[in-house]
Amino acid sequence: MLSARDLVKTYGSTKAVQGVSFEVGRGEAFALLGPNGAGKSTTLHMLVGALRPDGGRVRIDGEGDPADPTTRQRIGIAPQDLAIYEELSAEENLAFFGRIQGLRGQRLAERIEWGLGLAGLAPRRKDRAETFSGGMKRRLNLACAAVHEPRLLLCDEPTVGVDPQSRNHIFESIEALRAGGCTLLYTTHYMEEAERLCDRVAIMDQGKILALDSVGALIDAHGGAAVVEVELAKAPLDATALPGTLDGLTLRVESDDPLATVQALGQAGLEIRRLRIDRPDLERVFLHLTGRSLRD
Amino acid sequence: MRAVWTLAVKDLRLLVRDRVSLFWVLAFPLLMALFFGSLFGGDGGERSAMGVVVVDESPGEGASFIRRLDASEGLEVDTVATLDQARDLVRAGKRVAFVHVRPGFRDGGFAMFGRGRDDAPALAVGVDPGRSAEKGLLQGLVTQALFSGMTEQMSDPTRMLVQTQEARAGLASAAELDPERRESLVALMDALDGVSRSQALVATDPTPTASAGGFSTEGMLESVDVIRSEGGQPRSPFDVTFPSSIVWGLMGCATAFATSMVRERRAGTLLRLRVSPLSRAHILAGKGLACMLAGLITSALLLGFGVVALGVRVGDPILLLLALGGAAACFTGIMLVMSVIGKTESAVAGGSWVVMMPLAMIGGGMIPLIAMPPWLLTASHASPFKWAIIAIEGAVWRDFTLAQMLPALGILLAIAIVLFSAGVMVMKRRDP
């Protein structure tokens, strides 16, 4: 569905994107995960033809060039900024973006209803967007991107600054779009979003893709072992016989099989007051790859 | 075209819902027109003397009448040789009225004495229809000058005796006069001669009693209709201030749409538009069409108010459409350049006023072009305001022909093309 080859973009002496390549299959959900300034949005703008790459090329749905209007008809974008008209109502925003995508008449009316349903704004369809909360605006932003049923939907940090309720609503909307066969390209710096929504993840930092694979494969390759952390009721008689490291009454043990480790500790006669298992995740993968946290 | 229309309608809707922009587009220009119109009209200040032109075709008696008229407080009198010259000055709005002293005019009491019903009035007054409120005042001052003549006459016994002798001769030759009436008039002449000879004449109350053939001003003063010449002269200050206000409105539109373009870029809606099947040309055309339509609608509303409420006249509606189209196109070009030069909304809004205000001041936006000193008029050539105002004034009150309007239209369109091209080039470089 989408192919990016050796994309390069430079602003003065700043190399925003350096040789980024990846492919996204039809119906797949693909995430660009990285901290702010990693080059995700610049890459996304090149993918949709809004920014001309200094090097490399983008192809959509075969040989389609994103600069070609016919190709762009298959694309929808929910920009990181709230790309809606605050002075227009929810219905008017959807109608406008539907019209510029060529929708008319009954089809447009149906898609407006669908968009209002997706955003959960049907009861407030006539209200101006300027009266909405941040979460409602984000939902409308997403609905406007998808009103024309694009085959490829690009979401640039679609949950920035929204409350948990709206975030869940957005997740459910995206999952519904995916279920309808839409290909998804998702940029975020929240690893839990990438884990929940996407089949494959490209981890970006400083304009480069550091690793690209399914979430499980990335964790297997770069996440390390799970960590079992137990708080003991009393100090063990022989601390040297215990696995892992003991700090006061807290014992930390790295393990590929956390349940077996917990069972072994119980059989060793330790009285456990509290137990926590830290499974490896994309945060750990990013830390491993860059030495920094995603939110640094 | 449908996409361009969709974009334009959206932008117009946004403009209508933005009260701040609406103030600059509509309310501010209207206030400018009303303020400067009132200022130039002098309604709020001390009223200046009424300019009156006099034509004297009398054998000589008109001179003292004109001298007394000139001495009237509130009148500024000058004379011309012919009635046509006098009428033209009033028609052109250069004088409030003319006074025509006709060949049969006689000064003093005998001018009002013994006149028949069919005798032609010896004086005529023609007043600018736009200054009809001052007509009564002028007629009063003319009458006052006539009576002053009678007072002067009656205080000069020698002159009085000559006049009664002439009147006696006239009575003797008036064969059709009723004998009883002749007798009573001769008795009056005798009485007047007696008064003059006694050298004790004291003028007390010069007020005449109106009676046919007696001592009366009735029929002496004729009011003549003047049809105002519409050619090349403003009929009121609002004829001048409304074209300027229209150009202020166009500038308000240009600023509003330039700001909205920057807002679209900042908010990401421009990105969304560019990812849609629309080309850059569509997007620019939509914004330009919206700016032009807003300019035309604003112009129509302002001018409509001027015509209905303040009597602004529209000389040639077709030329006016051409002028408004040219001016709107010019300011659309200005809008595009402003939108690509500024990076933030406040930079565009502030920058446009900083750049446009001096151009407005030298271009007739504040000081009317017709009131500019020559050096400022020369400097105004550099301002698009001047050409827009000239074109609109040409259709409103200057009574331009198409050929006369073409230079201004050509300059406006040339500015539009140059600025539009420059704007597109900068935009391509900024958003490739």
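Student: What makes helix α3 (residues 90–100) of chain A count as mostly covered?
Tutor: Nine of its 11 residues are buried. Buried here means that 20 or more other C-beta atoms lie within 10 Å of the residue's own; 12 or fewer makes it exposed, anything in between partly exposed, and the C-beta atoms are placed from the backbone. This is a predicted model, where local features need pLDDT of at least 70 and side-chain atom pairs count only at pLDDT 80 or more, while totals for chains, interfaces and linings use all residues. Residues are numbered from 1 along each chain as its sequence is written, and chains are lettered from A and ligands numbered from 1 in the order in which they are written.

Student: Which elements cover those buried residues of α3(A)?
Tutor: The cover includes α4 (105–119) and α5 (134–146) of chain A, plus α1 (2–16) and α9 (269–275) of chain B. Helices (H or I, at least four residues) and strands (E, at least two) are DSSP runs, numbered from the N terminus. Among the buried residues are A:Phe96, A:Phe97 and A:Ile100.

Student: Why is A:Leu88 called partly exposed?
Tutor: A:Leu88 has 19 other C-beta atoms within 10 Å, so it is partly exposed. A:Leu88 sits in the loop between β5 (75–78) and α3 of chain A.

Student: Which residues does A:Leu88 touch, leaving out those up to four places away in sequence?
Tutor: They are A:Asn93, A:Phe96, A:Arg128, A:Ala129 and B:Arg13. A contact needs C-beta atoms, placed from the backbone, within 7 Å. As for A:Arg128, its C-alpha atom and that of A:Leu88 are 5.1 Å apart, though the two residues are 40 apart along the chain.

Student: How many residues does each chain bring to the contact?
Tutor: Chain A brings 21 residues and chain B brings 20. On the chain A side, α3(A) gives the most, with four residues.

Student: How do you know that β8 (residues 200–205) and β9 (residues 208–214) of chain A pair?
Tutor: Strands pair if DSSP finds at least two bridges between them. Six bridges join these two antiparallel strands, so they pair. In their hairpin, with two residues between the strands, A:Gln206 takes a positive phi near 50 degrees.

Student: Where in chain B is confidence lowest, and where highest, among its elements?
Tutor: Strand β5 (residues 221–224) of chain B is lowest, at a mean pLDDT of 72, and α1(B) is highest, at 92. pLDDT is the predictor's confidence in each residue, from 0 to 100. Over residues 200–215 of chain B, pLDDT stays under 50.

How values were computed. Two residues are in contact if their C-beta atoms, placed from the backbone, lie within 7 Å.
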